[in-house]
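Colleague: Could you walk me through this one when you have a minute?
Modeller: Gladly, let me put it up and we can go through it together.

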Amino acid sequence: MNEPVIKVRGLVTRFGEQVVHDGLDLEVRHGEVLGVVGGSGSGKSVLLRTIVGLNHPAAGHIEVLGKSTQGLSDAQWRELEARWGVLFQSGALFSSLTVADNVKLPLKEHAHISAHMRAELAALKIAMVGLPPDSCSKFPSQLSGGMKKRAGLARALALDPELLFLDEPTAGLDPISAAAFDELIRSLQQSLGLTVFMVTHDLDSLTAICDRIAVLVDKKIKVDTMENLLGDPHPWIQAYFHGPRGRAARHVEASEPAP
Amino acid sequence: MDQQVETGSVESRIEGGVLVVIPRGDWRLGAIPVLDQRMASIRGGGARQAHFDLSQLGEIDSAGAWLLSRTRERLEKAGVKVTLDGAAPGQEALIEKVMAVGCPPPAHHGPHHYLIELVEGIGAGLFHAIKQTRDLLDFFGAVVIGFFRQFLQPRRIRPISLIAQIEQTGLNAMPIIGLISFLIGVVLAYQGYDQLRAFGGQIFTVNLVGISVLREMGILLTAIIVAGRTGSSFTAQIGTMQVNEEVDALRTLGLDPLDVLVLPRVTALVIALPLLTFYSDMAALTGGGVACVLLLDMSAPQYLTQLSHAVSMQHFLVGMSKAPIFALLIAMVGCFEGLRVTGSAESVGQLTTQSVVESLFLVIVFDALFSVFFSFLHI
């Protein structure tokens with residue numbers, strides 16, 4: 001279990017002339033919540049998409065859950081994909097399916113269980129992410145932004161993945177919902193023993209739930225704990241954590257009594 | 001999913017009036033169907049107490065925890081008191097979490113009789129059709145008012161958008177309309193020639209081609225192609241904008257979507273469709289001409305002379321007079337359905353289909369009305 005869950009070595013990503021990652025190395029440990037930050041356009045989402053195989057890297061080696069993602073057969077890919085869940089930025093729910101059907105879809109594709117059991121498990125997952133039972137039969141267009149994210153999370157958790165990818169899970173939520181979402185991810189992570197790879201800009205989530213923080217600067221990544229990063233001399237990291245918003249988030253965290 | 005895991009199993013026995021349930025191995029999603037049957041077969045058997053011993057449990061995921069939680073709920077409903085112990089700390093958190101959520105009943109739809117559903121469906125369809133007609137008339141009214149407003153305030157007219165739309169709906173449609181019309185001209189001439197030869201009236205093939213093309217075929221073909229090509233694109237364009245909240249953004253910027261999106265499209269098509277119809281007429285007559293020259297051993301000037309005897313200005317005008325009306329129908333239905341799109345990608349697809357079907361239907365109905373009307377006037 002000490003094997004890293006995600007191992008990225010010398011990753012190079014290019015879009016035409018533009019180089020997004022240049023020799024990026026990253027390790028995500030088992031059972032940790034890793035927050036990925038970086039300026040707009042620094043390639044956070046691209047990194048996530050590359051790890052889950054939606055983008056092809058120009059060079060480098062990626063290993064997820066002990067398997068190299070290059071050169072896998074289709075069947076091996078499907079098996080691997082069933083072991084992780086992805087929450088996209090705006091939920092990416094299928095608009096022609098109800099929330100319950102959205103959650104049932106991965107169960108239908110990957111698990112051989114009866115329709116009735118699928119429905120019960122989907123209802124459980126929907127309840128676990130804190131959606132009211134009547135939202136099961138609703139269509140995504142009838143949900144608010146926060147509810148869509150919760151429903152997306154329920155779908156990502158449908159197969160009890162070992163690894164969860166979250167792309168800006170709290171963006172666009174009000175602070176109360178964002179805090180509740182952080183809490184939800186934390187409690188799910190603890191009870192399900194998940195490893196979480198989270199792209200975020202939310203300094204509050206970073207301080208509240210992330211074990212380590214990966215900063216994407218200069219097309220490479222720097223991973224460390226919050227405390228160590230605060231002392232990092234890199235100008236972008238300084239500006240990020242010591243800007244007015246960074247200070248405010250840390251201040252709140254520090255003044256809160258320990259639970 | 002994971003092939004090498006040890007499949008879970010369960011053992012249950014009654015020990016001194018207490019039902020003891022001992023889950024073993026990995027309780028993961030893959031093993032759930034089998035485990036579910038085992039768990040369902042566990043009965044209280046007169047015991048007032050049950051004890052779940054989780055110390056021999058391997059790995060458990062939320063599906064396994066849900067199965068435990070469900071069995072516990074079932075036993076408790078039967079009046080059996082259930083206790084759990086022996087779970088590893090991480091597993092305990094998961095089981096507690098699932099038990100706290102409880103087992104929400106999955107949403108299901110009440111039983112319906114198919115006959116009732118049928119009657120209900122017909123009724124709902126009828127009301128939908130009535131509402132649709134009324135909304136379309138409403139929209140027509142709004143478009144007419146919009147037109148008058150543009151006359152009174154010409155600065156509301158958007159010339160660049162108008163010209164771009166004319167290019168897209170008119171100019172870009174010319175190759176396909178020209179080709180299809182030309183081929184229909186050829187087909188008409190061949191079919192007509194075959195039948196008329198039996199009466200020795202081959203020469204009337206020219207009359208057949210000329211009159212049918214100018215009065216009906218030219219405009220109908222053009223309208224059908226334009227409905228499929230342009231009407232659908234109006235719906236898809238406006239519908240996608242509706243999904244992205246672009247239409248709402250226009251409203252908040254103080255721009256009327258009617259002025260910005262609908263009127264340029266309607267006006268453009270009302271200008272472009274008559275031009276396309278004329279072009280289609282010419283292409284079909286050329287096609288007919290080519291066929292006649294090949295079949296009837298006519299020369300081109302002979303074909304033209306026969307054509308000028310066969311058709312009059314009236315025939316041409318009958319065809320052309322329908323063009324603006326059809327254009328109005330197609331463009332209006334296209335924009336109307338586009339603005340009705342709500343929220344989802346599926347809705348865009350559905351309403352685009354509906355838009356094409358509706359505009360084709362209206363075009364054919366109006367063509368029939370025109371025929372009755374013209375025969376009344378003896379034109």
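**Cores and a helix pair**

Colleague: Which residues touch the most other members in the largest nonpolar core?
Modeller: Bearing in mind that this is a predicted model, the largest nonpolar core has 97 residues, and those touching the most other members are Leu34(A), Val36(A), Ile126(A), Ala154(A), Val196(A), Phe197(A) and Met198(A). Helix α4 of chain A, residues 115–128, gives this core its largest share, eight residues.

Colleague: And what does Ala154(A) touch?
Modeller: Leaving aside residues up to four places away in sequence, Ala154(A) touches Val103(A), Lys125(A), Ile126(A), Val129(A) and Leu131(A). Another core, of 33 residues, lies apart from the largest one, and its members include Phe234(B), Ile238(B), Leu261(B) and Leu329(B).

Colleague: Switching to chain B, how many helices and strands are there?
Modeller: Chain B has 12 helices and five strands, and 35% of its 379 residues count as buried.

Colleague: How do the axes of α7(B) and α10(B) cross?
Modeller: The axes of α7(B), residues 205–243, and α10(B), residues 300–310, come within 9 Å of each other and cross at roughly 60°, so the two helices are oblique to each other. The crossing of α7(B) past α10(B) is right-handed.

Colleague: Which residues meet there?
Modeller: From α7(B), Val206(B), Asn207(B), Gly210(B) and Ile211(B) meet Tyr303(B), Gln306(B), Leu307(B) and Ala310(B) of α10(B). Sorted by class, this contact has five nonpolar residues, three polar ones and no charged ones.

Key: Residues numbered from 1 in each chain as written. Chains lettered and ligands numbered in written order. Predicted model: local features only at pLDDT ≥ 70, side-chain atom pairs only at ≥ 80, totals over all residues. Core = buried A, V, L, I, M, F, W, Y, C linked by C-beta atoms within 7 Å. Buried ≥ 20, exposed ≤ 12 C-beta atoms within 10 Å, placed from the backbone. Helix = DSSP H or I, 4+ residues; strand = E, 2+ residues; numbered from the N terminus. Contact = placed C-beta atoms within 7 Å. Axes fitted to C-alpha atoms, helices over the stretch in contact; angles between N-to-C directions. Parallel < 35°, antiparallel > 145°, perpendicular 65-115°, else oblique. Left-handed = near helix turned anticlockwise from the far one by under 90°. Nonpolar A, V, L, I, M, F, W, Y, C, P; charged D, E, K, R; others polar.
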